[in-house]
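Work through the exercises below with the sequence and the model side by side. Each task is followed by a solution in steps.

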Amino acid sequence: MDSPGRLAEALTDADALVRAVPGLRIASPARAPLSQQRLDAVTARLGLPRLEVVPDPAGLWSVELALSRHLARACAEDRTVAGPDRAGAPARPAALRHGAGPVPARAADGTVLRCWSAGPPEAPVVALVTACGMPAGLAAGWMRALAGPFRVVTWESRGMFAEPGGQRPAPLTAHDVASQAGDLLAVLDALDVPGAHVMGLCGGAVVALAAAATAGPRVSSLSLWHGDYDLGDAAPRTEHQRDMQAMMAMAARSEEKATGVHRLMRRPVVLDSLRPDIAHHLIYPYATPLLLHRYGLLNGAIMSHDSRPYLSAAPPALVVTSRDDVTAHPAGSRYVAARLPRARLVTRPTGDHLTAFDAGPEVVRIAERFLSDVLEDA
C-alpha cells in the first residue's frame, strides 16, 4: 500500500518535471503497487497534471523511468506524513517544509524567478546559487542542514521554470552570466535581504563570483563548491566538461538542434549515468527540446565564460573541491583559490561532484566552520 504522505511529498519534489512534460506515464512499483485512483487523487489535490499508471516499465522513456523510480521509492517507505497531507493541503518536500516558497522575484529585465526561503527571518542569510537549470529540490539538503542558525534562500534558473502558479516556463529574455548574476540581487531584494553569504555549487560558483564582482558589500562571503570554471589555458578541464560544453553549444543553436539532442536523451540508457535518488532532478533540463535549448544558452554561457576577471573579488572565500571529482576539474578550484585575495582551499580526499549537493555531515561541517569564522571576524 502506498504511503499517502510520502507520495504527495515525492510528487511535490518532482513538481517542475511533472508540469514541464504533460502526459507522462508511471510504472506501478511491484513491491508497493500504486493505483490510478490513488495517484489521480493526489495529483488533483496538488494541482498537478494527470499521470497515467502502467503495469510495466517497458516502453517508458528516460524521464518517465526517472519519475517512476522516484515515486516507487516513496511508495516503498513505511512512514506516513501527518499534518498537512492528511488535512488535505498540499504536502511539501520534507527538506523545505519549514520554509516559505516558491515566491516570485522579478529580475531587472522583468523575468520572474521562483525563489525559496527557509529559516528564521532574523538570522544571517546564506544564498545558495545551485547548478544551472536544476530544480530547487537539488538544493534541499543544504536548506535543511543550514536553516536554523541561518536563513537560507535560493532560486531556480531564469526561463527554465514556470512562474509560480503557471504551467509553461517563463520567457527567457537574456542568458548571459551578468544577467544570471543579477538574479541573485533580485532574489535578495524580493525577500528584503540586505546582504548574504553566497554559496555557489558547480556552475553556480561562476555566477556567485560574477555577483561578488558587482554587488559590493551585499556579498559578505563566498563559498565555492566544485566550481565549473572556464579559466582559459590556466587550468585543464575534464572530459566531462569538454563533452558537456559541446552539447550545450549544439543545443543553444536552435530549438530544432536541441530536438536532435533531446532524442538521444530520451533513451533509457541515459539513466545509467544518473544517480537514481536525484535522477528526476538531474534530467529536468533535458526533459523537452525547449528546456534543453534554453539550458544550452544558460549553462553554455556559464561554461564558456572566462572567470579570471572575477578573481579579485574582495570577500573572504572558501573554495572546496575533491580529488575524486571527474566532473569539474579540481585544478580549476585550486587556481581560483590561489588568486582570490582572501581564500582558503579545502581539497576533500574523497567525494565526487554530486556529493557536494548531498549536504552530508562532513561538507556541512566545512561550510559551518567557514561561516562561523566569517561571522566572528565581522
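**Exercise 1. Find which residues leucine 11 touches, not counting residues up to four places away in sequence.**

Step 1. Leucine 11 touches Leu39, Val42, Thr43, Leu46, Leu48, Leu51 and Leu71 when residues up to four places away in sequence are not counted. Contact means heavy atoms within 4.5 Å.

Step 2. This is a predicted model, in which local features need pLDDT of at least 70, side-chain atom pairs count only at pLDDT 80 or more, and totals for chains, interfaces and linings use all residues. Residues are numbered from 1 along each chain as its sequence is written, and side-chain values use heavy atoms, with hydrogens and water left out.

Step 3. Leu11 is also among the residues that touch the most other members of the largest nonpolar core, which has 130 residues; the others are Trp142, Leu222, Leu224, Trp225, Tyr295 and Leu340. A nonpolar core is a set of buried Ala, Val, Leu, Ile, Met, Phe, Trp, Tyr and Cys residues joined through side-chain atoms within 4.5 Å. Buried means under 20% relative accessible area, exposed over 50%, and partly exposed in between (1.4 Å probe, protein chains only).

Step 4. Helix α8 gives the most to this core, with 9 residues.

**Exercise 2. Describe how α7 and α8 pack.**

Step 1. Locate the helices: α7 covers residues 177-190 and α8 covers residues 204-215. Helices (H or I, at least four residues) and strands (E, at least two) are DSSP runs, numbered from the N terminus.

Step 2. Their axes come within 8 Å and cross at roughly 70°. Axes are lines fitted to C-alpha atoms, for helices over the stretch in contact, and angles run from 0 to 180 degrees between N-to-C directions.

Step 3. The two helices are therefore roughly perpendicular to each other. Angles under 35 degrees count as roughly parallel, over 145 as roughly antiparallel, 65 to 115 as roughly perpendicular and the rest as oblique.

Step 4. Val177, Gln180, Ala181, Leu184 and Leu185 of α7 meet Val207, Ala210, Ala211 and Ala215 of α8. These residues divide into 8 nonpolar, 1 polar and no charged. Here Ala, Val, Leu, Ile, Met, Phe, Trp, Tyr, Cys and Pro count as nonpolar, Asp, Glu, Lys and Arg as charged, and the others, Gly among them, as polar.

**Exercise 3. Is histidine 262 buried or exposed, and what is it in contact with?**

Step 1. Histidine 262 sits in helix α10 (residues 255-265) and is buried, with a relative accessible area of 7%.

Step 2. Leaving aside neighbours within four places in sequence, histidine 262 is in contact with Trp61, Tyr286, Ala287, Thr288, Pro289 and Leu292.

Step 3. α10 packs against helix α12 (residues 289-303) at an angle of about 110°, with the axes 8 Å apart. That makes the pair roughly perpendicular.

Step 4. His262 is one of the α10 residues that meet α12, where Pro289, Leu290, Leu292 and His293 take part. The contact divides into 5 nonpolar, 3 polar and 1 charged.
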